[in-house]
Every structure is written in C-alpha cells, then in structure tokens.
Amino acid sequence: MRSVQDVRSVADAGADAVGLNFYDPSVRSLNPDAEETIRINNVAREVGLTRVGLFVNHDLEFIQRVAGSLQLDWIQLHGDEPISLAKSLIEKGERVLRAVRLPRGKLEPGQIEFVIGEWNGVDVSLLLDADAGASFGGGGQALDWPSIQAWSKNRGESAAAWVLAGGLNPENVHEAICVSGAFSVDVASGVEQPKGQKNAEKIRQFVAAIGRGGAAR
C-alpha cells in the first residue's frame with residue numbers, strides 16, 4: 001500500500017489484509033516514520049484489515065521498533081534472515097510469515113522441503129514465492145501450481161498454514177487456487193498499473209476471482 005486510497009480500495013473489494021513494505025529499494029517502499037505511513041496504517045486498522053509489515057534483512061531492533069510503533073499484526077521476513085531472528089520475534093509475541101523463494105518449474109515435494117529446510121522447526125507461517133534473485137521478490141513470475149499442491153498433500157498440512165504468491169493476477173488467481181489448493185494468496189504487481197501503483201479496478205477483479213475459487217476462503 002502506498003496511499004490511504006489504496007487501503008480503501010482493498011477494503012471495498014473485500015480483501016483480508018494489506019502489506020506495508022519497508023524495504024527501501026522496492027518501488028512500494030514506505031518510510032515507517034512518515035506521517036503518510038502512519039495514516040495508511042491507521043486507516044487499515046480502522047477498517048479491519050490485517051496489517052503485514054514486509055522486512056528484508058533488517059535487524060531485530062529495527063523490526064521491533066516498527067512493529068511496535070505501528071502495532072502490526074504480522075511480520076513478513078522476505079530476505080535472508082537467520083532463524084534466530086525469527087525466534088527472537090516469536091518470543092516477543094510477534095506472528096511471523098516467512099517467505100520461501102522457490103525455483104520456477106516443476107518441483108518434487110522433497111525439493112520444496114529442502115528449500116524450506118530448518119524453517120520447518122520454527123513456529124512461522126510460510127509464503128511461497130518465485131525466486132527472482134537479488135530483488136527479493138517474485139518478479140511477477142508464477143510457481144508451478146501442481147507442484148505446490150503435491151507438496152502440500154505430501155506434507156499432510158492444512159493449506160491454511162501457507163500462502164501462495166508469485167505472478168498472480170485477476171486472470172489467473174482462480175486457476176491458481178484450484179490447482180494449488182491454496183487457502184490464502186498474495187499479490188502485488190498483479191493489481192498494479194503502472195508498476196508500483198495499485199489499481200482499484202484490478203484489486204476488485206482480483207478479489208472477485210478469489211471468491212469464485214472457493215478454496216481461498
């Protein structure tokens with residue numbers, strides 16, 4: 001989210017959560033101390049949206065300060081953060097969403113588990129995204145959804161425990177939900193026009209498509 005109007009568009013569309021991006025190199029980045037950021041956060045809270053703060057390789061002190069001042073609902077770690085940092089946040093009562101950057105193309109369940117690695121032993125939820133290298137985002141690229149479904153079934157875990165991201169948009173999110181079995185989905189560039197600027201109509205179309213998917217609720 002980059003503006004209060006973005007937040008209102010999300011709320012009007014019927015979505016559940018918004019992301020506040022604190023990664024400076026991103027076109028979506030926010031200054032956590034800016035008055036506009038505080039307004040965006042306050043409006044999101046007032047309309048009942050879950051607020052997720054996105055951090056990339058920030059230190060523990062910065063994350064705790066921002067999460068505390070904005071009273072964020074979730075902390076999303078999207079960089080190369082060590083497990084020890086997540087454990088420290090969890091010990092402080094924070095809820096953590098860990099981004100797992102997966103290779104594109106067909107993957108076996110064991111390959112996905114290998115990438116997740118030791119994060120399996122930490123009380124975090126997982127966000128599955130495409131690996132776009134040094135940019136730390138999915139780059140608008142989709143994962144292989146049948147591979148994700150096979151992994152989830154093999155894991156024997158509820159789809160509510162992970163979030164599907166990567167290249168989702170109003171045209172493909174329904175199929176993505178049906179094929180992957182995702183309960184929750186994440187979108188950024190798929191509802192933007194131009195890049196970095198949210199488009200209210202695309203947001204509306206995206207959430208409407210999720211509703212048709214059924215599995216996303």
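Gly-48 follows helix 2 and has a positive phi, near 85 degrees. The structure is a predicted model, in which local features require a pLDDT of at least 70 and side-chain atom pairs count only at pLDDT 80 or more, whereas totals for chains, interfaces and linings use all residues. Residues are numbered from 1 along each chain as its sequence is written, and side-chain values use heavy atoms, with hydrogens and water left out.

Helix 2 comprises twelve residues, 35-46; helices (H or I, at least four residues) and strands (E, at least two) are DSSP runs numbered from the N terminus. Within helix 2, Thr-37, Ile-40, Asn-41, Val-43 and Ala-44 are buried (under 20% relative accessible area; exposed is over 50% and partly exposed in between, with a 1.4 Å probe and protein chains only). Viewed down the axis of helix 2, these buried residues fall within an arc of 165 degrees, so they line one face of the helix; the arc is that of the directions from the helix axis to the C-beta atoms. An α-helix has 3.6 residues a turn, so residues three or four places apart point the same way. Glu-35 and Glu-46 are exposed on the face turned away from the buried side of helix 2. The cover over its buried residues includes helix 1 (4-13), strand 1 (17-21), strand 2 (50-55) and helix 3, where contact means heavy atoms within 4.5 Å.

Asp-73 is located in the loop between helix 3 (60-70) and strand 3 (74-77). Asp-73 counts as partly exposed because its relative accessibility is 23%. Not counting residues up to four places away in sequence, Asp-73 touches Leu-49, Thr-50, Arg-51 and Arg-95. Its side chain reaches the backbone nitrogen of Arg-51 at 2.8 Å. The C-alpha atoms of Asp-73 and Val-52 are separated by 6.0 Å, although the two residues are 21 residues apart along the chain.

Asn-172 counts as buried because its relative accessibility is 14%. The side chain of Asn-172 reaches the backbone oxygen of Gly-167 at 2.9 Å. Residues up to four places away in sequence aside, Asn-172 touches Trp-145 and Gly-167.

The chain averages a pLDDT of 93, and 93% of the residues score at least 70; pLDDT is the predictor's confidence in each residue, from 0 to 100.

How values were computed
Polar contact = N/O pair within 3.5 Å; in protein donor to acceptor, adjacent residues only side chain to side chain. Expected span 1.5 Å × (residues − 1).
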